[in-house]
Amino acid sequence: MSTKKITAVVAATALGVGVLAACGGESEDAKSAEGAAATGSGSKTVTLVSHESFAASEDVLKQFTKETGYTVKVLKSGDAGEALNKEILTKGSPQGDVFFGVDNTLLSRALDHGLFTPYEAKGLAQVRDEVRLDKEQHRVTPVDTGDICVNYDKKYFADKKLAPPRTFDDLAKPEYRNLLVVENAATSSPGLGFLLGTIGAYGADGWQDYWKKLDANGVKVVDGWEQAYNEEFSGSAGGKKAGADRPLVVSYASSPPVEVLYSEPQPDKAPTGVATGTCFRQIEFAGLLKGAKNEAGGKALLDFLVSKTFQEDMPLNMFVNPVRDDAKLPELFTKHGEVVEKPATVPADDIAKNREQWIQSWSSLVLK
Amino acid sequence: MAGPVAFFAVFFAYPVAAIVARGLKTGGNWQFGRFGEVLARSDIQHVLWFTTWQALASTALTLLLALPGAYVFARLDFPGKQLLRAAVTVPFVLPTVVVGSAFLALLGRGGLLDEALGLRLDTTVWAILLAHVFFNYAVVVRTVGGLWAQLDPRQEEAARVLGAGRFDAWRRVTLPALTPAVAAAALMVFLFTFTSFGVVQILGGPAFATLEVEIYRQTAQLLDLPTAAVLTMLQFLAVGAVLAVHARTVRRRESALRLTDPARTARRPRGAGQWALLGGVLASVAALLLTPLAVLVERSLDGPGGYGLHYYRALTTLDARGGAFLVPPIEAVWNSLEYALAATAIAVAVGGLAAAALTRRAGRLVRGLDALLMLPLGVSAVTVGFGFLIALDEPPLDLRASWILVPLAQALVGVPFVVRIMLPVLRAVDERLREAAAVLGASPLRAWREVDFPLVRRALLIAAGFAFAVSLGEFGATVFIARPDRPTLPVAVARLLGRPGELNYGQAMALSTILMAVCAAALLLLERVRGSSKTSGEF
């Protein structure tokens with residue numbers, strides 16, 4: 001009936017295609033990488049799938065290309081749990097070749113779903129024994145560890161002339177009433193880590209009593225690390241601007257050095273400290289995905305992830321600790337970081353069996 | 001018609017169906033019994049109840065605060081009106097991850113309310129409700145105000161000459177003409193708040209969950225696909241019902257009203273009443289909408305050595321410390337602009353085609369499609385994102401690692417706006433104008449160029465501008481897609497906020513401010529284009 005409208009639409013489409021083409025031109029790199037990835041096993045591109053926190057120096061990735069001839073393409077999205085669930089959903093037709101970022105709290109989920117092809121990475125001999133949780137079958141390779149601990153605002157405790165807490169027990173004491181903010185264990189990975197830490201410390205029978213005490217002592221629960229750390233914690237840059245009033249927060253053992261790193265000018269001493277008796281150790285693994293298009297490249301990448309080069313680059317990019325004995329920590333970590341001697345642990349099998357149950361009970365206990 | 005239908009079939013219906021089927025089908029059999037099981041759970045019932053009542057309350061509150069605003073923007077003339085109209089729309093297109101922290105500055109500790117009244121509303125349901133007003137104010141102002149500005153005031157004046165009182169004349173003349181627009185706006189606000197995600201997560205704290213939040217939790221965190229599928233279907237039903245009612249009211253609205261040039265209906269405020277109304281609206285806009293935005297700007301400038309552009313400069317340098325980015329964070333701006341342009345192109349093409357098709361045909365089927373095109377607004381981003389993963393995994397559609405997936409997901413959100421803006425304008429083009437041109441000897445091409453294009457061009461630009469702004473701020477679908485390492489603005493902000501340290505926080509605020517400025521610029525441009533446009537769509 002009306003040619004005019006059709007013409008209008010043709011014009012719109014032409015405009016659209018034009019812009020699309022323009023955009024496409026600028027994304028040539030990405031497209032050529034896809035082209036290469038699609039060509040299959042002879043490909044020179046190896047695709048690493050990970051969560052949002054993955055980061056590596058460009059130089060280090062270039063070195064990998066120089067050594068092996070493979071170029072790394074990184075695909076990342078979401079937090080650790082979400083990224084893993086995506087791999088489970090796409091099992092058999094994975095988005096890439098290697099997945100990095102499954103930790104000991106989620107490991108059993110990944111293994112039960114049979115996501116990975118076993119591969120014993122070169123250099124595994126240098127990796128500390130206690131982090132090699134799958135050492136019989138090598139379905140996953142340990143890459144880094146990180147400790148989830150309560151951080152404290154040094155200034156607050158100095159002003160109040162109060163000693164900062166050191167242990168889980170301390171947190172339930174009256175002098176620390178209304179000072180602690182934690183993350184929701186159901187939606188946040190540090191939140192879950194802290195809950196598991198208390199389970200490790202008080203056992204499957206005792207942790208609920210402990211949380212009742214924490215609750216009575218005015219613990220505040222927020223949904224994610226960002227809110228807890230940037231909005232509620234008085235020791236962080238964001239918290240200071242927001243007038244935050246909680247000097248205790250569940251974060252990472254590496255947070256104080258990072259506070260130093262990202263301040264200008266860099267202070268001599270970190271503004272925050274770590275309560276070393278409140279830690280839970282996370283171990284992160286990588287694995288070769290079943291159905292990977294570039295298995296050879298994936299294996300080379302796994303070797304590289306536990307190589308000294310990558311391990312020494314990692315701390316300042318992801319703020320985690322290397323798993324290799326011979327990897328040196330950057331000065332920032334040795335100077336401002338605190339050594340966590342005895343982190344709480346829970347066997348991976350127990351976590352697998354009880355995780356949902358624990359989160360449920362915790363939610364009904366604390367969130368109500 | 002085939003184009004838009006194919007687009008929605010491939011990039012919306014198929015992925016969503018795939019993920020729902022994964023949850024509800026075992027061994028080739030549909031397990032509809034799961035509906036009963038899930039619905040019987042008390043926590044799910046709680047979520048359903050909370051989702052519904054907070055959406056109703058938010059809608060009522062938004063109407064209460066925004067209807068006076070709609071009147072002021074429609075009927076009163078005051079300096080800076082265009083700028084303010086663009087400003088109140090900025091929140092609508094900003095991602096919640098950006099606004100959440102700024103909004104806390106209004107409601108939280110040390111916030112405006114805390115200082116003035118000693119009132120803290122964070123992690124209460126009030127925070128959620130007020131944030132919903134913040135995000136949806138523009139929907140009411142633009143939908144209702146847009147029509148109000150075009151109602152001929154002489155009709156009301158005539159009623160008064162005939163002896164009706166002021167209120168009576170308004171009630172009998174203006175109100176009936178406005179009712180469909182108010183209903184349409186209310187339904188859109190209800191839709192947006194019913195499916196609210198970021199606001200509830202950030203401001204509500206862990207004690208509150210909407211259906212959308214629960215779908216996210218069940219899908220992304222717990223991978224309980226059966227429960228997620230049941231909830232998705234429930235949300236689908238609810239949203240479908242709202243959209244069906246919306247389509248009806250919109251049709252009523254498009255019925256013949258005597259519209260006039262908005263420039264002629266607005267005038268300087270007269271009398272104490274109008275001044276007071278203007279003052280009240282400006283004060284509420286300042287407190288509720290502009291303060292959170294201003295807080296963002298303030299924090300982006302508050303550097304280590306006093307106020308300055310410190311964090312903005314930091315954005316342009318590659319961080320030698322290593323860190324969250326392989327390229328200077330400012331690159332995210334260019335990434336975002338590229339993605340948003342591509343998304344706009346797709347949205348305008350698909351939405352334009354759809355609107356044209358809907359104009360040409362009438363009938364029940366087409367009307368159904370009208371509502372169907374709005375569905376992506378009411379479907380959880382996580383459902384679509386995860387659906388992409390399992391549906392688009394085989395050639396020729398293996399787009400999972402492709403950059404195009406991001407603009408495609410953004411376009412899904414943009415298309416409904418394009419349709420809603422284009423449709424009324426296309427429907428209003430008088431067929432006789434073209435016929436007259438033909439009679440006077442114009443070729444079809446010339447007739448189109450001289451008659452249609454000038455009438456439609458403006459709407460096309462407005463639609464493109466809106467789709468652009470919406471794409472720019474789109475966060476939901478973008479984060480659920482695994483992307484090559486080219487972060488968009490909202491993603492980069494989220495990444496910076498996810499790390500400790502003053503510099504990261506400051507840069508996050510600076511990037512947010514840039515995002516806000518770009519959105520505001522696009523919207524301001526749109527206001528200019530709109531100008532004295534006689535017929536404009538809903539937004």
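Me: A residue is buried if 20 or more other C-beta atoms lie within 10 Å of its own, exposed if 12 or fewer, and partly exposed in between, with C-beta atoms placed from the backbone. What percentage of the 539 residues in chain B is buried?

Reply: In chain B, 55% of the 539 residues are buried. For chain A the share is 56% of 368 residues. This is a predicted model, in which local features need pLDDT of at least 70 and side-chain atom pairs count only at pLDDT 80 or more, while totals for chains, interfaces and linings use all residues. Residues are numbered from 1 along each chain as its sequence is written, and chains are lettered from A and ligands numbered from 1 in the order in which they are written.

Me: How do you know how confident the predictor is in chain B?

Reply: From pLDDT, the predictor's confidence in each residue on a scale from 0 to 100. Chain B averages 81, and 89% of its residues score at least 70. Within chain B, strand E5 (residues 483-484) has the lowest mean, 62, and helix H3 (residues 42-75) the highest, 92. Where pLDDT is low, the predicted coordinates should not be read in detail. For the model, ipTM is 0.77 and pTM is 0.81.

Me: What makes a stretch count as a helix or a strand, and how many of each does chain B have?

Reply: Both are DSSP runs, numbered from the N terminus: helices are H or I with at least four residues, strands are E with at least two. By that rule chain B has 24 helices and five strands, and chain A has 15 helices and 10 strands.

Me: What makes B:Leu76 buried, exposed or partly exposed?

Reply: B:Leu76 has 19 C-beta neighbours inside 10 Å and therefore counts as partly exposed. This residue sits in the loop between H3 and helix H4 (81-93) of chain B. Apart from neighbours within four places in sequence, B:Leu76 is in contact (C-beta atoms within 7 Å) with B:Ala266, B:Pro269, B:Gln274 and B:Leu278. B:Ala149 is 73 residues away from B:Leu76 in sequence, with 9.3 Å between their C-alpha atoms.

Me: How is A:Ala158 classed, and why?

Reply: A:Ala158, in helix H6 (residues 154-159) of chain A, has 10 C-beta neighbours inside 10 Å and therefore counts as exposed. Its C-alpha atom is 25 Å from that of A:Asp147, 11 residues away in sequence.

Me: Why is helix H9 of chain A called largely enclosed?

Reply: Because eight of the eight residues of H9(A) (residues 225-232) are buried. Among them are A:Trp225, A:Gln227 and A:Tyr229. Helix H12 (residues 295-305) of chain A is also called largely enclosed by the rest of the structure, because nine of its 11 residues are buried. A:Lys299, A:Asp303 and A:Phe304 are among the buried residues of H12(A).

Me: How are H8(A) and H15(A) oriented to each other, and why?

Reply: The axes, lines fitted to C-alpha atoms over the stretch in contact, with angles from 0 to 180 degrees between N-to-C directions, come within 11 Å and cross at roughly 10°. Angles under 35 degrees count as roughly parallel, over 145 as roughly antiparallel, 65 to 115 as roughly perpendicular and the rest as oblique. H8(A) and H15(A) are therefore roughly parallel. Contact residues include A:Leu195 and A:Trp211 in H8(A) and A:Trp358 and A:Leu365 in H15(A). This contact has nine nonpolar, two polar and two charged residues, where Ala, Val, Leu, Ile, Met, Phe, Trp, Tyr, Cys and Pro count as nonpolar, Asp, Glu, Lys and Arg as charged, and the others, Gly among them, as polar.

Me: What is the orientation of H7(B) to H14(B)?

Reply: The axes of H7 (residues 125-148) and H14 (residues 271-301) of chain B come within 10 Å and cross at roughly 85°. That makes H7(B) roughly perpendicular to H14(B). B:Leu130, B:Val133, B:Phe134 and B:Tyr137 of H7(B) meet B:Leu288, B:Leu289 and B:Pro292 of H14(B). The contact comes to seven nonpolar, no polar and no charged residues.

Me: Which domains does chain A have?

Reply: An automatic or database assignment sets the bounds: domain 1 is 41-145 + 283-322 and domain 2 is 147-282 + 336-367. Their centres, taken over C-alpha atoms, are 28 Å apart. In chain A, 14 residues of domain 1 are in contact with 14 of domain 2. The side of domain 1 that touches domain 2 has six nonpolar, five polar and three charged residues.

Notes: Contact = placed C-beta atoms within 7 Å.
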